[in-house]
Amino acid sequence: MRKPASRVLVINDEKLVLRDLLKGLNAAGRSLDNPLGISFTGVTTARGALTAIEEDGDLQAVVVDDTLYTLTNSAGGSRTLQMSALELVQRITRLRPELDVYIMIAQEQEDQVVDALFTEAVDGYFYREERDYRGWYRILNAEIQEKAKTPFYDQLKSYVLMAKDAWHTPGHSSGESLRDSPWASDFHGFMGDHVFDADLSVSVPMLDSLMEPTGVILEAQKLAAKAFGARRTFFATNGSSTANKVILQTLIAPGEKLLLDRNCHKSVHHGVVLSGAHPVYLDSSVNRKYGVYGPVPKRTILKAIKDHPDAQCLILTSCTYDGLRYDLEPIVRAAHAKGIKVVVDEAWYGFARFHPVFRPTALEAGADYVTQSTHKVLSAFSQASMIHVNDPGFNEHIFRENFNMHTSTSPQYGIIASLDVARKQAVMEGYKLLARTLQLSGELRESINATGVFRVLELEDLLPDEVKKDGVRLDPTKVTVDISRCGYTVEELQRELFERYNIQVEKSTFNTLTLLLTIGTTRSKVSRLYDALMRIAREGRSLRRIYRAPEIPGFTELRFLPRDAFYCGGEPVPLLDEQEKVNPVLAGRVCADQIVPYPPGIPVLVPGQLITAEIVQYLVGLLRSQKRVEIHGIVYDGYLPCLRVLTPREEKDLRKLGITCATSPVPARRGARKALR
Ligand SMILES: Cc1ncc(COP(=O)(O)O)c(C=O)c1O
């Protein structure tokens, strides 16, 4: 295993003093135990410090002398600006919040300096006069080791290495049932020993409990909370799909209002059914030229907040699958002014805290709850997600009940360990890896454009008109490419890339492909993709006619609460009549299920929604299309595709939405929940 290199930057504007400090600290690092490869380097100006912090991805800590700093370096001869240590610390933490910051103070100024820096993210103080290099080194070493700890992973590893006899689940018993099987040993060999050794039962107390953590899981979650800037962090082993449902069930009692982007992930729509929420759907913006769904316009969100001050919460997706992210701060401010909680689905943005190009994160913008699919964009296993909480009124009991309702009593420990390690990696080298990813993204964009046929869509191209002035930004690790001039349809191109060039892309629309760069993307992968696209471009094919995907019909009336409609028995009604034409009897009925075509994964119908002829026509069009579109929620009566709709009797028995809200027993429940806080 490669030994890590960790650097500590010392900032002191007196050259001679700095030289002595570096000499003493480096000597201490050489003579004492130094498993993290700590060495010390120094600068004398604030600008030098900020440059080093930007450029040196191996920096783990900074020691700032409490004096004033000049912004320019002395050789520059230009205007000299003074910056206080306080300002410098603020700029450092804005740039890289994961760095440990220590202040070197003169004893006589102690109170002044400590007071000024009290609210800043300062990890500790050294007295300049003491010159206790070995002591300082030990403290910094311990601090950096603390960040690099993986309490859960370490415990799992040590348990596995103890090789205890297992008299508990899982049935494969550390792989023993498979190892010598003539039928199944191949699986054991393929997966490897430790997949089985580390797949353990909750009967092992030293591995803590995901449902009531008090040991190594709690410790790992605390480290994650610190790393991501949350008050509390919870590990979820069922993806953000579960995390979203847990949060909605925690925040919303039946009948209470939820403001949500209609384009949000289907788990949010499932959360609406489970929580019994009264959803207020916000239509997202659409880029018709490229079939890309963007953020909800800011004015739509602000109007919804104004019109529904009784909403419990607002949930938005940022960034979207295509990398578009909201300017969240003003939205959060407006929601909080009405007492509305803000939940942000950051399924695609879990790395953002670790490089300033991607910040502010939703938590930094003031969101109360954030879900992140750590597995999508950092080094965790599939299904590994985090829930971050910054809500000052967090009701832990209700949250825990809902979390446990959705959590398996046999969580996969490998997933939990991968969250622990993914957090450590993000803290220790996230900045460096993301800087490399950004560099590769820039190179990839340039080389794709250099093909002269494929073109990368930039923010201006992607942004629908209605959000052009909303301060939306683009995550450069999501690269959307216009393929309309290559002479292939998007399906043909995807097949060609896969079969001939071994390349699988993330997603597509009728005229675009989206590529996802992560911290695992390598330069050779970028070159292979460029090579494939260049070869395809050079084929010089004549243009193909590209059929635009039909647009999803607009939202109609929500007649009943989604939960009420979903739990009706309903009846299946075919989408086509006996002449194979669009069945006219469906128009005017109410859907009992969520109907979601993939792609793009946006519900055309939600439970309780009124069906129109236009919607039926749209669904029939998709069923007849040559393209491979899954439509989730369709029920088959034999070979006949049907929608499950409410019977006339059920419609009669259910209270229409307006009446349900006004007369339901919600206020009592809501009051009860508030009282627990
Ligand atoms: C916006 C969004 N939220 C949540 C999810 C669910 O995440 P997970 O796969 O971690 O369950 C997805 C998955 O694609 C998503 O795109």
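## Salt bridges within single helices

Because Asp531 and Arg535 are four residues apart in helix α20 (residues 523-538), about one helical turn separates them. In this predicted model, their side chains meet in a salt bridge, with an N to O distance of 3.0 Å. Asp531 has a relative accessible area of 34% and is therefore partly exposed. Arg535 is also partly exposed, with a relative accessible area of 47%.

A second pair is found in helix α13 (residues 298-307), where Asp307 and Lys303 are four residues apart, about one turn of the helix. The salt bridge between the side chains of Asp307 and Lys303 has an N to O distance of 2.6 Å. Asp307 has 40% relative accessibility, so it counts as partly exposed. Lys303 is at 52% relative accessibility and counts as exposed, because the exposed class begins over 50%.

Side chains of opposite charge can pair when their charged atoms come close. The structure holds 37 salt bridges. One of them joins the side chains of Arg179 and Asp193, at 3.4 Å from N to O. This pair links distant parts of the chain, with Arg179 in helix α7 (residues 176-179) and Asp193 in helix α9 (residues 193-197), 14 residues apart. Arg179 is partly exposed at a relative accessible area of 30%, and Asp193 is partly exposed at 42%.

Salt bridges also form a network, which links Arg7, Asp56, Asp58 and Lys432.

## The ligand and its shell

The ligand is surrounded by 13 residues, and the closest are Ser241, Asp345, Trp348, Ser373 and His375. By residue class, the shell around the ligand divides into two nonpolar, nine polar and two charged residues. Helices α11 (239-251) and α15 (374-377) each supply at least two residues of this shell. The element that gives the most to the shell is α11, with four residues.

For His375, an N or O atom of the side chain is 2.7 Å from an oxygen atom of the ligand. The corresponding distance for the side chain of Ser373 is 2.8 Å. For the side chain of Lys376, an N or O atom is 3.0 Å from a ligand oxygen. The ligand taken alone exposes 390 Å², and the protein buries 82% of that area.

## A buried arginine

Arg262 is located in the loop between β9 (257-261) and α12 (266-275). With 6% relative accessibility, Arg262 counts as buried, since the buried class lies under 20%.

The side chain of Arg262 has two listed partners. One is Asp283, whose side chain makes a polar contact with the side chain of Arg262 at 3.5 Å. The other is Pro553, whose backbone oxygen is reached by the side chain of Arg262 at 3.2 Å.

## A nonpolar surface patch

Four residues, Phe187, Phe190, Met191 and Val195, form a nonpolar patch on the surface. Together these residues have about 410 Å² of accessible area. Helix α8 (residues 185-191) gives the most to the patch, with three residues.

Phe187 is found in helix α8. At 43% relative accessibility, Phe187 counts as partly exposed.

## Lys3 and Lys581

Lys3 lies in the segment before β1 (6-11). Its relative accessibility of 58% is why Lys3 counts as exposed. Lys3 and Lys581 are 578 residues apart along the chain, and their C-alpha atoms are separated by 68 Å.

Notes:
Residues numbered from 1 in each chain as written. Predicted model: local features only at pLDDT ≥ 70, side-chain atom pairs only at ≥ 80, totals over all residues. Heavy atoms only, no water. Patch = residues over 30% accessible without salt bridge, like charges linked within 9 Å, V, L, I, M, F, W, Y side chains within 5 Å. Areas by Shrake-Rupley, 256 points an atom, 1.4 Å probe, with all protein chains shown as cover. Buried < 20%, exposed > 50% of the residue type's maximum accessible area, 1.4 Å probe, protein only. Near = heavy atom within 4 Å. Polar contact = N/O pair within 3.5 Å; in protein donor to acceptor, adjacent residues only side chain to side chain. Nonpolar A, V, L, I, M, F, W, Y, C, P; charged D, E, K, R; others polar.
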